[in-house]
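Trainee: I am new to this structure and would be grateful for a guided introduction. May we proceed by question and answer?

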Amino acid sequence: MITKNIALLEERLSTIPRLGLTDLPTPLEPLPRLSAALGGPKLWVKREDCTGLGFGGNKLRKLDFVLRDAVDSGADTVVSGGVVQSNSQRQVAAAAAKLGLECHLAVYQGRLKPPTPEYERSGNALLNRFYGAHLYDVPWTGDRNEAIASLSRRLGGEGRNPYVVPYGVSNGLGAVAYSETAIEIAGQAQTLGFTPDAIVHCTGSAGTQAGLVLGASHALPETKIVGIDIDAEPERVREDVVSYGHEAAQLLGLEFDQDKVEVVAGHAGPAYGVIHDATREAIGIAARLEALLLDPVYSGKGLAGLMALIREGRWSDRDNVVFVHTGGTPALFAYGSVLDIQAGP
Ligand SMILES: Cc1ncc(COP(=O)(O)O)c(C=O)c1O
């Protein structure tokens, strides 16, 4: 049932300007073959990989609001950053190309050792070049935003009017954007005849989870939001979810309930961006049973975490669980030679 709370969130969201770059709502689809194979709850997938522009992904929702702020502030240049295979910077580059803004990206080298010979040039790294982004190699120091800020200062000094898009497009405004996903899921699930017991997704720079928790507290108050940490930094992720959640709530004139933030540790594998067997299994099973293509850094680890929770018995076969496919598929090609997926007999 559409409640008064959804109406309140919708009304507040309608006051915040956006560009309209994304294809929304994204589909909510059943996963019958995966559900049967895992023998747990009924599984559904929210296709955030289908947000449209430039191979899609979860950052486009955030960019719809964040780049509207950039355009309104008169920026002529967008500055952001991420690791070599960052989906975030690929989506920033795509959106900037569409808007006719220059795009300059700090490419963090050294957060992980290149896992394959194709890592530096294929997947997202290839697409960044297609979109015409300017790429600057910088060392990874652990500070996600300093090199972006420093690049922005340099470009400002050269006479441009740069706008900084933070690492992962995660800030209060990015989280505002993500709160709408909970409204979409609520309406789509109602049409399909269920209320989700949980929404499970991978979490990293934290804006997605902050928005989902905020949105669900209005649109789906009985539904648990479960973030699977893929950064191997669950405490940092939790702190950032809480911080962006409060910022987003303030922008919308609402409250953020930080007690609802659940970040599950233990499924990031050996380190950020390093593939492991649980992720290979998740990517393989999703592709074979549902033709659903996940990636080795984010959505594949997210599904690996969900599969582990199902095997631990967290849900019964009467429960409904929505897995959010946050995108990242182009990275499959950059990790191809270490994925080791076997062909059918
Ligand atoms: C494919 C994909 N999924 C999930 C995430 C995590 O989302 P967030 O950074 O908002 O936590 C990212 C972020 O980079 C991503 O690229």
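This is a predicted model: local features need pLDDT of at least 70, side-chain atom pairs count only at pLDDT 80 or more; totals for chains, interfaces and linings use all residues.

Trainee: How many aromatic pairs does the structure hold?

Mentor: The criterion is the distance between ring centres, with a limit of 6.5 Å. By that criterion, the number of aromatic pairs in the structure is 6.

Trainee: Is the pair of Tyr108 and Tyr167 stacked, edge-to-face or tilted?

Mentor: The ring centres of Tyr108 and Tyr167 are 6.0 Å apart, and their planes make an angle of 45 degrees. Tyr108 belongs to strand S4 (residues 102-109), whereas Tyr167 lies in the loop between strand S6 (162-164) and H7, so that the pair links parts of the chain 59 residues apart. Since stacked requires under 30 degrees and edge-to-face over 60, the pair of Tyr108 and Tyr167 is tilted.

Trainee: How much area do domain 1 and domain 2 bury between them?

Mentor: Domain 1 comprises 4-56 + 171-339, and domain 2 comprises 59-169. Contact involves 45 residues of domain 1 and 39 residues of domain 2. Carbon and sulfur atoms account for 60% of the buried area, the total being about 3,300 Å².

Trainee: Which element gives the largest share of the side of domain 1 that touches domain 2?

Mentor: Between the two domains there are 17 residue pairs in polar contact. The elements giving two or more residues to this side of domain 1 are helix H7 (172-192), helix H8 (207-219), helix H12 (331-334) and helix H13 (336-339). The largest share, 8 residues, comes from H7.

Trainee: How many salt bridges are counted between domain 1 and domain 2?

Mentor: A salt bridge requires a side-chain nitrogen of Lys or Arg within 4 Å of a carboxyl oxygen of Asp or Glu. Arg61 and Glu48 form a salt bridge, with their closest N and O atoms 2.5 Å apart. Between domain 1 and domain 2, the count of salt bridges is 5.

Key. Residues are numbered from 1 along each chain as its sequence is written. Side-chain values use heavy atoms; hydrogens and water are left out. Domain bounds come from an automatic or database domain assignment. Contact means heavy atoms within 4.5 Å. Buried area is the accessible area (1.4 Å probe) that two parts lose on being put together, summed over both. A polar contact is a pair of N or O atoms within 3.5 Å; within protein, one must be able to donate a hydrogen and the other to accept it, and residues adjacent in sequence count only if both atoms are side-chain atoms. Helices (H or I, at least four residues) and strands (E, at least two) are DSSP runs, numbered from the N terminus.
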